[in-house]
Amino acid sequence: MPMSEDGTVLSPDEVARYARHLVLPEVGGPGQRKLKAARVLVVGAGGLGAPLIAYLAAAGVGTIGIVDEDTVALSNLQRQIIHGTGDLGRRKVDSAADAVAALNPHVAVERHAMRLDIDNAEHLLSAYDVIADGSDNFATRFLVADVAERLEKPLVTAAVGRFDGSLTTLRPFERDEEGVLQPSYRCLFPEPPPEGLVPACAEAGILGALTGVLGTLQALEVLKAILGIGEPLVGRLLLVDALSFRFETIRYRRRRP
């Protein structure tokens, strides 16, 4: 298979591994080489990050950065399927990296065993092409969104509740067909809710398979962003109600100053 302009080439093993991608006209060899050359930062190796990381690795995304400061706990295993019982007490970035290596040896993992904060966020995000946020708190979500907007990095962000979830793609540095800037995260959520208003997962609980649904959908959006195919969820918020199995999409626009 010929080499791409950036020097990315697929080995015979990769051609066989990605055969079902290569026969897709929307992907093919050029698209698979884009995936191999891509660098994606995943914020959080938990319920959303686990299926997200697994599917990005399986798809052949060349470099996956994982930022998470936590270690694997027994209560994680009900939903965080990239970790196993033997990983208890290990750093999640290490457990996730081992899982990726077992799944696809052609994928490099960059481990960031730290809390993403205002001091390191810009440095971390600047090294990647696409950001995928699967964090579990509003402070991190707002920080990631603000920094990604400033750096002009596409951001795919998801969140889950007890039986529901949401997903959107943010490109607020681009303009729509009318010349209006695309909406930012703060156009959707102007400010974080008061602390304690939204209960954490440990308090409220969560149906484990729900994170698999949202994390997999998040992976789809990231792959579409890299490949430049389909219609991304820009200016659209996908809402998933697992109990009624209802999927709805609402539109949102840039807030005027």
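Modeller: A nonpolar core is a set of buried Ala, Val, Leu, Ile, Met, Phe, Trp, Tyr and Cys residues joined through side-chain atoms within 4.5 Å. Keep in mind that this model is predicted.

Biologist: Which residues touch the most other members of the largest nonpolar core?

Modeller: Start with the general idea. In soluble globular proteins, nonpolar side chains tend to be buried together. Here the largest core has 37 residues. Val-40, Ile-53, Leu-56, Val-61, Ile-64, Val-222 and Ile-226 touch the most other members. Several elements give two or more residues, including strand E1 (39-43), helix H4 (49-59) and helix H10 (208-227). H10 gives the largest share, seven residues.

Biologist: What does Val-61 touch, leaving out residues up to four places away in sequence?

Modeller: Val-61 touches Leu-35, Ala-38, Val-40, Leu-56, Val-107, Leu-223 and Ile-226.

Biologist: How should I read helix H10?

Modeller: First, the general rule. An α-helix has 3.6 residues a turn, so residues three or four places apart point the same way. Now look at H10. H10 has 20 residues and reaches 30 Å from first C-alpha to last, close to the 28 Å expected. Gly-228 follows H10, with a positive phi near 70°.

Biologist: Which way do the partners of E5 run, parallel or antiparallel?

Modeller: E4 and E5 run parallel, joined by three bridges. Ile-131 stands opposite Leu-155 in E5. From E4 the chain crosses through helix H7 (residues 138-151) to E5, a right-handed β-α-β crossover. E5 and strand E6 (residues 164-170) run antiparallel, with six bridges.

Methods:
Residues numbered from 1 in each chain as written. Predicted model: local features only at pLDDT ≥ 70, side-chain atom pairs only at ≥ 80, totals over all residues. Heavy atoms only, no water. Buried < 20%, exposed > 50% of the residue type's maximum accessible area, 1.4 Å probe, protein only. Helix = DSSP H or I, 4+ residues; strand = E, 2+ residues; numbered from the N terminus. Contact = heavy atoms within 4.5 Å. Expected span 1.5 Å × (residues − 1). Pairing = 2+ DSSP bridges. Right-handed = clockwise from strand over helix to strand, strands pointing away.
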